[in-house]
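Hi,

Have a look at it first, then read on.

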Amino acid sequence: MNTPARKLKKSAVKNIVRFPSIKANGGKSILVESILESKYCLHLEFDSSVETYFPQPRTFTVSVDDHHRTYTPDFEVCYVSGLRKYVEVKPLERAQGRRYQELFTSFENSLENTDAGFLMVDEIEIYRQPLLSNYEKLYQYRKRPTLDMRNLYLCAEGIDISMPLSRMMAILGDRTSLREVYSWLALGYLKFDMNLEHLTMTTEVRFDVY
């Protein structure tokens, strides 16, 4: 487990948030510096290409116009492919300021010839709807799912088309519960396009278990 480079403390200018992670810190909670960062964690948790991630991973010394500045990225993200990226999460208006632009450009240049890259993420991407709302609705079921794989396969057997969630619940009857179905959705065994519509009982869903 990586220890954060900076110990986060509550202050008048920072809104420290405790996020109940799955992929980070051995599945235990982590501390992040803002609500925006906590929402970004949801994207990391649902991204199947992400293996693990670390908040406040390490502090770098960056040369900017012949001056040395220290910089701690918000996250280090490790991907299943073996790639790594240092990620800065910041509101777009602040990130576009000259001071930050110089810092981020210099830091990204310093990563050349290493196995790591740099990524800047802003609120426009993080708060994208309906994706974020779907993540927020389903994450509790991803963190603590109600899952019986044998029952999942039995319920999926013979249902090979997409249909409204309400119709599927009616077909399955007392063989499952809404909590279990939400767990299937959160874990990807039951699918819908999270980018296109908010999850409701009229949402078209389909099994993906084989």
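This is a predicted model: local features need pLDDT of at least 70, side-chain atom pairs count only at pLDDT 80 or more; totals for chains, interfaces and linings use all residues.

Let me begin with the largest pocket, which holds about 500 Å³ of space. For the cut-offs: a pocket is an open set of points on a 1 Å grid over the protein atoms alone, where a 1.4 Å probe fits and protein lies on both sides within 12 Å along at least five of seven lines; lining residues have an atom within 4 Å of a point. Grid points are joined across faces, edges and corners, and the volume is the space filled by probe spheres set on the points. The lining has 21 residues, and K14, E33, D74, E88 and K90 are the closest to the centre. Two or more lining residues come from each of α1, β5 (67-71), β7 (84-89) and α3, with α3 giving the most, three residues. Helices here are DSSP runs of H or I with at least four residues, strands are runs of E with at least two, and both are numbered from the N terminus. By type, the lining splits into eight nonpolar, five polar and eight charged residues.

Residues are numbered from 1 along each chain as its sequence is written, and side-chain values use heavy atoms, with hydrogens and water left out.

Next, the charges. There are six salt bridges in the structure, each being a side-chain nitrogen of Lys or Arg within 4 Å of a carboxyl oxygen of Asp or Glu. One of them joins E136 to K39, at 2.7 Å from N to O. E136 sits in helix α5 (residues 131-143) and K39 in helix α1 (residues 35-46), so this pair ties together parts 97 residues apart in sequence. E136 is partly exposed, at 36% relative accessibility; the classes are buried under 20% relative accessible area, exposed over 50% and partly exposed in between (1.4 Å probe, protein chains only).

R98 and E102 also form a salt bridge, at 3.0 Å. They are four residues apart in helix α3 (residues 98-110), which puts about one helical turn between them. R98 is exposed at 68%, whereas E102 is partly exposed at 25%. Elsewhere, salt bridges with shared partners link E76, R84 and D115 into one network. Within it, the closest N and O atoms of R84 and E76 are 2.9 Å apart; R84 is partly exposed at 21% and E76 is buried at 8%.

Last, an open sheet: three strands in the order β9-β11-β10, with antiparallel pairing. Strands count as paired if DSSP finds at least two bridges between them. β9 (163-164) and β10 (190-191) are the edges, each with a single partner strand, so one side of each has no neighbour in the sheet. β10 pairs with β11 (residues 204-207) over two bridges, and L190 stands opposite F207 in β11.

Cheers

Technical notes. Ala, Val, Leu, Ile, Met, Phe, Trp, Tyr, Cys and Pro count as nonpolar, Asp, Glu, Lys and Arg as charged, and the others, Gly among them, as polar.
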